[in-house]
Amino acid sequence: MENPPQRRDSPTSHLRASDSNRDQIAAVLGEALSTGQLSHEEYSERLDSLYQAKTVGELEVLTHDLQVERHRPAASPASYAPSPSPVSYAPGASTEPDNIIAVFGGADRRGRWRVRRQTKALAVFGGVRFDLTEAEFEAKEVEITVNAVFGGAEIILPEGVEVRCQGVGVFGGFDVHNSPDVDPSAPVIVIKGLALFGGVSGRIRRRRDR
């Protein structure tokens, strides 16, 4: 990490960090990214450190050099104000991608399922459907790669997420829309892949539409 912030111990630095603490710090980092204080590379590095942190002190060091309004990670649940983001995080240590295959058939992921850092889907004369609106994300930034050959894929995204579409269509198309109002505490979803004589679509499902 370039120019890492220096640690400053506080009375709560030794306490074990909770998921609530991590959500608060993730929101601060997202705000710092949006205001230009952090580059995308620095942001990604600090997010990696965020989900590896064990104590409140290790979380605090990630925001000490940022000029954003922030609150110290809570020492108890009573002092924690929940993030407005409807997205749930379930940090995991898994490095293997989630592989999904639909050949002359279909695959459907919906409800309370875990989205790994990398998801790879192949649809050949078939279709896949990902509904992420109730999913739990293992990381603040996840990557979904879809290769559709004479097939298709539909991705339903929760409101507030940032979507980066890097897919390529050859006699096919990628039609993926970003959220009009990006929530800094919501995940970044990178969608990649190839649509060959097929199509990949992505749309935001607003909370009022559920």
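The accessible surface of the chain comes to about 10,700 Å², and carbon and sulfur atoms account for 48% of it; such areas come from the Shrake-Rupley method with a 1.4 Å probe, and for residues only the protein chains shown count as cover. The model is a predicted one, in which local features need pLDDT of at least 70 and side-chain atom pairs count only at pLDDT 80 or more, while totals for chains, interfaces and linings use all residues. Residues are numbered from 1 along each chain as its sequence is written, and side-chain values use heavy atoms, with hydrogens and water left out.

Of the 210 residues in the chain, 46% are buried, where buried means under 20% relative accessible area, exposed over 50%, and partly exposed in between (1.4 Å probe, protein chains only). The secondary structure consists of three helices and 14 strands; these are DSSP runs numbered from the N terminus, with helices (H or I) of at least four residues and strands (E) of at least two. Among contacts with a separation of 6 or more, 71% are between residues 24 or more positions apart, a contact being heavy atoms within 4.5 Å.

On the surface, a nonpolar patch with about 1,100 Å² of accessible area brings together eleven side chains listed by residue as Ile101, Val103, Phe104, Leu122, Phe125, Phe150, Val168, Val170, Phe171, Leu194 and Phe197. Patches are made of residues with over 30% relative accessible area and no salt bridge, like charges being joined within 9 Å and nonpolar side chains (Val, Leu, Ile, Met, Phe, Trp, Tyr) within 5 Å. Strands β2 (98–103) and β11 (168–170) each supply at least two residues of this patch. Ile101 is found in β2 and counts as exposed because its relative accessibility is 60%.

Turning to the strands, an open sheet of three has the order β1-β7-β4 with parallel pairing; two strands pair if DSSP finds at least two bridges between them. Its edge strands, β1 (88–89) and β4 (114–115), each pair on one side only. Two bridges join β4 to β7 (residues 136–137), and Val115 stands opposite Phe137. Elsewhere, four bridges connect β12 (residues 173–176) to β14 (residues 199–205), again in parallel, with Phe174 opposite Val200. The covered face of β12 holds Phe174 and Val176, whereas Gly173 and Asp175 are on the uncovered one.

The whole structure contains twelve salt bridges, each defined by a side-chain nitrogen of Lys or Arg within 4 Å of a carboxyl oxygen of Asp or Glu. One network of them links Asp108, Arg110, Arg129, Glu154 and Arg203. Within it, Arg110 meets Asp108 at 3.5 Å, N to O; Arg110 is exposed at 58% relative accessibility and Asp108 partly exposed at 39%. Glu154 and Arg129 meet at 3.4 Å. Glu154 lies in β9 (residues 152–158) and Arg129 in β6, so this pair ties together parts that are 25 residues apart in sequence.

A further salt bridge joins Asp131 and Arg205, with the closest N and O atoms 3.3 Å apart. Asp131 lies in β6 and Arg205 in β14, so the pair ties together parts that are 74 residues apart in sequence. Both residues are buried, Asp131 having a relative accessible area of 8%. Beyond residues up to four places away in sequence, Asp131 touches Arg109, Arg110, Trp113, Ile156 and Arg205.
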